[in-house]
Amino acid sequence: MPPAKPTDTAGPPRAGGRVTLRDVARTLGVSVATVSNAYNRPDQLSEDLRQRVLQAARDLGYHGPDPLARSLRRGRTGVLGVVYDAPLDYAFADPAAALFLGSVTRTVQNRDLNVLLLAAPHDSQADATLAVRNASVDGFIVYCAADGSALLRAVLERGLPTVLVDQEPQVGAVNVGIDDAGGAQAAAAHLLSLGHRHLGVLCLELSEQRSSGPVGPAREAQVTYRTTDQRLRGYRAAAAPHPDVTLYPTEAAHNTPDSGEALTRDLLTRHPQVTALLCMSDVLAQGALRAAAALGRRVPEDLSVVGFDDLPGSETLDLTTVWQPTGDKGEQVGQAMLTLLAGQPAAPVTLPTRLVVRGTTAPPAP
């Protein structure tokens, strides 16, 4: 007769090797399924048995099932990729981005989902595109990507559940956004109603090829970020019925107060006739207010300023701005993703904006 094969309960694991789930089972004299249940289905074991299994695993140096192997068995990673094509530090420095990401996370975390932020290094999208192609995620949330960009193409090519935030519609993805054009038009109409006719415009980035400074027709024709495009359209729609109105757009390479300050200084130096500023974010507006103070331009007596977003700190600044429901937008994005992951179709959502008039706008000085 051939010798009997050793059973799974035949002694402790061999020294020097990596401890496995099977080693724990062998040491305790229980089945592999019992050890697996201690980690994955604890309701199948008595509490005493589960604690004995976990203690034995700790004693042997076993730290639980391999997460990658477990995700492959389940067909899910439990991770959502949030694509943000600006550098990672901007995602945390931008209050609107922080509010949005926090809202998304709160919406999905009770479903055992985590969020992986896929951001672009400074001045390069190549690494972000590679990260998208290699990311082990269950779906993508595209918070910021230029239309037609390699980054957006990489997301869509994965064929995973995808929610686009403030983007142009794409086949195979669900859109959640706000009425950017309507909010911008209301902001410009407010300034025009006060009598302003020379309006500076502090724009967010127009395209992946980041630039800083005055925006002429050729540069404006290159716009690939939907948010910037829609807000410019809104401003121009309000100005269109007024042939005596002139807009002076200038572009920020990055959405920071420092950029807003530098652009405002340059704009007011080149065009001292400007009596009001339309800022595409409250962050840029913060910089504009600093520049006005440094240049001795009183707000609102000498210069009116309007922002966009209505961040928590904007009320303290008494800033006239366009409110958008950033927290609600994050929740809607999270809910849309949960619907897609459940195999159900999700409807596109467009949330409203509204003008909030405070103390940084007034008629131009006579």
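In what order do the six strands of the open sheet run? Keep that in mind as you open this predicted model.

**Stop 1: the sheet.** Select the strands. The order is E2-E1-E3-E4-E5-E12, and the pairing is parallel. Now go to the edges. Strand E2 (114-119) sits at one and strand E12 (349-351) at the other; each pairs on one side only. Follow the twist across the sheet: from one strand to the next it averages 20°.

**Stop 2: a strand pair.** Select residues 79-84, strand E1, together with residues 139-144, strand E3. The two pair in the parallel sense over five bridges. Strands of a sheet pair through backbone hydrogen bonds, either parallel or antiparallel. Pick out Tyr-84 next: its bridge partner in E3 is Cys-144.

**Stop 3: helices on the sheet.** Select residues 95-108. This is helix H6, lying across E1, E2, E3 and strand E4 (162-165). H6 runs at about 160° to E3. Then select helix H8, residues 150-158. H8 packs on the sheet and touches E1, E3 and E4. The direction of H8 also makes about 160° with that of E3.

**Stop 4: a helix pair.** Move to helix H1 (residues 21-28) and helix H2 (residues 32-40). Their axes are 8 Å apart, and the helices pack at an angle of about 115°. H1 and H2 are therefore roughly perpendicular to each other. Their crossing is right-handed.

Which residues make the contact? From H1, show Leu-21, Arg-22, Val-24 and Ala-25. From H2, show Val-32, Val-35 and Ser-36. Color them by type: five are nonpolar, one is polar and one is charged.

Notes: Residues are numbered from 1 along each chain as its sequence is written. This is a predicted model: local features need pLDDT of at least 70, side-chain atom pairs count only at pLDDT 80 or more; totals for chains, interfaces and linings use all residues. Side-chain values use heavy atoms; hydrogens and water are left out. Axes are lines fitted to C-alpha atoms, for helices over the stretch in contact, and angles run from 0 to 180 degrees between N-to-C directions. Helices (H or I, at least four residues) and strands (E, at least two) are DSSP runs, numbered from the N terminus. Angles under 35 degrees count as roughly parallel, over 145 as roughly antiparallel, 65 to 115 as roughly perpendicular and the rest as oblique. A crossing is left-handed if the near helix is turned anticlockwise from the far one by less than a right angle, and right-handed if clockwise. Contact means heavy atoms within 4.5 Å. Ala, Val, Leu, Ile, Met, Phe, Trp, Tyr, Cys and Pro count as nonpolar, Asp, Glu, Lys and Arg as charged, and the others, Gly among them, as polar. Two strands pair if DSSP finds at least two bridges between them.
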